[in-house]
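Here is a short briefing to read alongside the model. Please keep the sequence and the 3D view open as you go.

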Amino acid sequence: MANFVQKVAAGVPFFAKEVRVAVSDRTPFMIARPRSVNILPSKRCNAFCPMCPIGEANLKGEKPDPVELTAGQVSELFDGIKDLSGKGVVVSFADGEPTVWKPLWDMLERGRDLGFAISFTTNGYTMKEAQAARVASINPFNVGVSLESLRGEINEIMRPLDGKGTQKTIDCIENLLAARDQAGADMSLNIKTVLSGVNYEYVHEIVERFAARPGVMWTPQPFRGTDDRMWIHDTKRFAEVIEHLITLRTQGHKINASDKNLRDFVTYFEAGMERVDNAPNRSGEETLDAPRCQIGFTSIFVTQDAQVRLCPYMEPVGRIGDGQTLRQMWTGKAAQERREQIAACKVDCELSCTRRTSILNKAKLFLQR
Ligand code: SF4
Ligand code: SF4
């Protein structure tokens, strides 16, 4: 009961942010504050996923971009987040492989101490017992682990490594869960899967194995790109897979997407690869009939070059270290212009952070974590 009350109390600042988003979206009063800050600390990664520009560059043997965020820049960003968002903000290190970025562990501790829901996403390749114990001792809010299938022959089409990558990622999940239990920590795990033509028949196996375990949820994301093999063409069969996933939810498996979100994935693939625009600066181009995107009221994206964006595909609203505070960037002229662009954008980009999920659904997942 005490645990439940603590969770409800922790959820109040998040709920307040939802109210601010609704007011800002429906009235002329812009009172929203970011509830999600996504940080790409560096473009370095130890993987070779062909569906990702970083993995593609690794496959070609190209040298990674040497520019990366410094601990000082992230500390300045954290001060800005504290000032702008207070509590009730998820701060995530993702894209690239955050565990190869040296300041990660110190920054996780600092973010946790500032009261953020701090998290990072990893491919899990280096998460052996000792590293998992370190993570559990920090006890972040959440750790994301990317896994496309339990079957090596499927997973390694999307995430080729050395034939052992799938087992390394599965071991990472098990190591984190064991370390969490041993440390008495309460961090949650979020297993992230890109739904593609390669793996969609098998993703239920990930859900069945992990998503009913305490503090573990599964987040699906549809493939975005122009690789024909990755696109889901048999949308009739895919719709059946989606209905099976919805059934698994009713059996207690935690899925971080509403029934509507899941069924919308079918519509997304039905529209065809050629209808989905993958280019940046997309506002005003021919688009799908998607609902209005709220990202300009909810999120901040910070890249390794310290640029700050509201939508990851649009021009920045500022840069850390250039003399503007985060609050000034969030409320400034550039941000207002981006929000107008975002309001005009109807691309069905299906970023998981832009999906409309009811407050009830979010609250349920939050309490189940
Ligand atoms: S692990 Fe992530 S960042 Fe690295 S290549 Fe794969 S998708 Fe890209
Ligand atoms: S839907 Fe939102 S996040 Fe996606 S491109 Fe448009 S404005 Fe950006």
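**The sheet and its surroundings**

Strand β1 (residues 36–39) and strand β7 (residues 299–302) run parallel and are joined by 4 bridges. This is a predicted model, in which local features need pLDDT of at least 70, side-chain atom pairs count only at pLDDT 80 or more, and totals for chains, interfaces and linings use all residues. Residues are numbered from 1 along each chain as its sequence is written, and side-chain values use heavy atoms, leaving out hydrogens and water.

**Sheet**
- I39 has V302 of β7 as its bridge partner.
- The open sheet has 9 strands in the order β6-β5-β4-β3-β2-β1-β7-β8-β9, with mixed pairing; strands pair if DSSP finds at least two bridges between them.
- β6 (216–222) and β9 (318–319) each have a single partner strand, so one side of each lacks a neighbour in the sheet.
- Strands (E, at least two residues) and helices (H or I, at least four) are DSSP runs numbered from the N terminus.

**Helices**
- Helix α7 (residues 165–183) lies across β3, β4 (142–146), β5 (188–195) and β6, at about 160 degrees to β4; angles run from 0 to 180 degrees between N-to-C directions of lines fitted to C-alpha atoms, for helices over the stretch in contact, and contact means heavy atoms within 4.5 Å.

**Ligand and cysteines**
- Around ligand 1 sit C45, A47, C49, C52, G55, G96, N123 and R159, each with a heavy atom within 4 Å of it.
- C311 is buried at 9% relative accessible area, and C345 is buried at 10%; buried means under 20% (1.4 Å probe, protein chains only).
- The disulfide count is 0, taking cysteine sulfur atoms within 2.5 Å as a pair.

Definitions and conventions:
Chains lettered and ligands numbered in written order. Buried < 20%, exposed > 50% of the residue type's maximum accessible area, 1.4 Å probe, protein only.
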